[in-house]
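Subject: Structure handover

Hello,

Here is the structure for you to look over. My notes on it follow below.

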Amino acid sequence: MGRGLAERRRLRFGRRPELTVSAVAIGAVTAGFGLTPATANPDYPSWDDVQDAQGDEAAAQAEIENLNGLLDGLEASAAEATRTQQIAAERYRIAQTALDEAIEQERELKSGARKAEEKAAVSKMRAGLLAAHLSRQAGGDVGLNLGISGDADGLLYQLSAVGKLTEQSAGIYAEALADRNAAESLRSQAESAADQRRTLAADAEEILAEAEDAAEAAESAVAEQESRQNELLAQLAAFKGTTAATEAQYRAGVAAREAAARAPAAAPPPPRPPAGATGGTPNSAGANPGGTNTGGSNPGGSTPTQPPAQPPSQPVVQPPPSQPVVQPPPAAPAPQNPPPATDKVASAIAFARSQLGDAYQLGGSGPDRWDCSGLTKAAYAAAGINIGTHSATNQYYTAQSRGQLVPYAQRQPGDLIFWTDGSSMYHVAIYTGGGMMIEAPNPSALVRERGIWGAADVVGYVARPTA
C-alpha cells in the first residue's frame, strides 16, 4: 500500500502554500471584525485516498464524515467571509451617508452665508446713506464720523448719543447690526461644517479601504469553496454510490430545511433609535435609483453561528458608531398592520426582477450595478416610495419611525427583510413570497432571487414600505 494515508496527506499539505495564504488572508480580515475563520489549512483527500478507504467499511465511513466536514468548513468559511464583507460594506454606506449629509449641510450654510452677507451689505449701505443724510443736518465731526464709519455698532451708538434718531432711523441701524451678526454666524457655521466634512471624508476613505479588503477576502473564500467542492462532492458520491449533483442537491435541501426551522419568531418591538438616527425624507419619493442559488441557509451555503435573531437595541449612526443605552418603550397593544399596496409592491418587485443578473458593486445604485440597499431603494423609488437613504440600517429605522415594521411571521411579498450583526443592519432584501427573496448579495454573486438564508441573523421584523 506504500505510505499511510496520514503520511501522504502530510506530504501533500506541505506542497499547498496557496491554502495557507488563503486562510491567512481570510483570518486577517475576519479578525478585524471580531470573527475567526471557520477552517484553516484543511487537508483535502486525493482520489488515491478514496480508493484506499473504499475497501474498509470503517475507513469509508470515516472518509464520508471527513468529506462532509470539509464541505461544511468550506461553506462556513465562505459564509463567514461574505458576512464580514457585508458588515464592512454597511459601515461604509453609513459613513458615506454621513459624508453626503455633511456636504449638503456645508453647501446650505455657505449659500445662506452668501445671502446673509449680501443682505448685510444692503443694510450697511442704507445705514451709510442715513449717516450721510444726518451728516448734512448735524454738520461737524459727528456727521463726518457717521458717514465714514464701517461699524454698525458705532453708528448706532453715535447716533443715539446725538439724539438725532427717529424711530425709523433706529430700525435701519438695528437691522444692519442684526444682518451683520447673522452673516458672521452663518459664515462661522459654514467653516465648522467644512471641517466636519473633511473629517468624515477621511473616515469614509478609511472605512472604504477596510470594506474593499473584506471584499477581497470574501471573494478568495468563495473561490476556494468553488474550486474544491466539486471534487469533494464527487469523492463523496463515489463512497455513497450516487452522483456529485445528487449530493449537492441533498446538501442544499438539508440547509434549506435547517434555515426554515430557524426562522426568526416575532420579538418585542425594538426600542426607537435616538433622534437623528433614522435620517431620510419621509414624504418624498426617492430619486436615486452582483450564480443563482435557490436554497441554503446563508451566502456561502452554511449557517453562520452569529447572534442575534432579534432587532438590535442600539443602532449604528454616523461613524464612529455611537452605542447609546436606550430604554425600551412601555408595552403597547399590537398595531393592526395594513396589507401592502399591491400595485406599488408589484412595481417594486418588477423593478428588482428586471435587475436579475446585474453585477454587485459597493455603493452601487444602478443602472446595472447594485449593492443591497441601493437595489431596495431604487426598487421602491420606481414605485414612488422613498424608504430612506442608501443604507440597510437607515431603511430599517426609517420604517420603524413610520410604524411600518411587521412581525417576520406575517411577512408578505414586497416586505423588506433585514440581517443584523447586533449593532446595525448589514443586509436587506425584498421578499417575493414562498420563502424567496431578491437581493444584491456580495461581490461573488450577481443580483439573484433565492431562498432566505442566514436565519440566525435575520431580524424578527420586516418593513412594509407601503403601509
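Which backbone nitrogen does a side-chain oxygen of serine 391 reach at the start of α11? The backbone nitrogen of threonine 393, to within 3.3 Å.

Some ground rules before the rest. This is a predicted model, so local features need pLDDT of at least 70 and side-chain atom pairs count only at pLDDT 80 or more, while totals for chains, interfaces and linings use all residues. Residues are numbered from 1 along each chain as its sequence is written, and side-chain values use heavy atoms, with hydrogens and water left out.

Helix α11
Helix α11 covers residues 392–401. Helices are DSSP runs of H or I with at least four residues; strands are runs of E with at least two; both are numbered from the N terminus. Nine of the ten residues in α11 are buried. Buried means under 20% relative accessible area, exposed means over 50%, and partly exposed is in between (1.4 Å probe, protein chains only). Among the buried residues are Asn394, Tyr396 and Tyr397. Glycine 403 follows α11 with a positive phi, near 70°.

Aromatic pairs
There are four aromatic pairs in the structure. Rings of Phe, Tyr and Trp (its six-membered ring) pair if their centres lie within 6.5 Å; planes under 30 degrees apart count as stacked, over 60 as edge-to-face, and the rest as tilted. Tyrosine 396 and tyrosine 397 are edge-to-face, because their ring centres are 5.1 Å apart and their planes stand at 85°. Both tyrosine 396 and tyrosine 397 are buried. Tryptophan 419 and tryptophan 453 are stacked, at 4.8 Å centre to centre and 25° between the planes. Tryptophan 419 sits in strand β4 (residues 416–420) and tryptophan 453 in the loop between β7 and β8 (461–463), so this pair ties together parts 34 residues apart in sequence. Tryptophan 419 is buried at 0% relative accessibility, and tryptophan 453 at 1%. Tyr396, Tyr397 and Phe418 make up one aromatic cluster.

Strands
β5 (residues 425–433) and β6 (residues 436–439) pair antiparallel over three bridges. Strands pair if DSSP finds at least two bridges between them. The hairpin of β5 and β6 has two residues between the strands, and glycine 434 there takes a positive phi near 65°. Tyrosine 431 stands opposite methionine 437 in β6. β6 also pairs antiparallel with β7 (residues 448–451), over four bridges. Isoleucine 438 has glutamate 449 in β7 as its bridge partner.

Salt bridges
The structure holds 18 salt bridges. The cut-off is a side-chain nitrogen of Lys or Arg within 4 Å of a carboxyl oxygen of Asp or Glu. Glutamate 210 meets arginine 91 at 2.7 Å, N to O. That pair links helix α7 (residues 167–240), which holds glutamate 210, to helix α4, which holds arginine 91; the two residues are 119 residues apart. Glutamate 210 is partly exposed at 30% relative accessible area, as is arginine 91 at 28%. Arginine 93 bridges to aspartate 371, with the closest N and O atoms 3.1 Å apart. Both of these residues, arginine 93 and aspartate 371, are buried. Glutamate 439 and arginine 448 form a salt bridge with their closest N and O atoms 2.9 Å apart. Glutamate 439 is buried at 1% relative accessibility, and arginine 448 at 5%.

Best wishes

Key: Polar contact = N/O pair within 3.5 Å; in protein donor to acceptor, adjacent residues only side chain to side chain.
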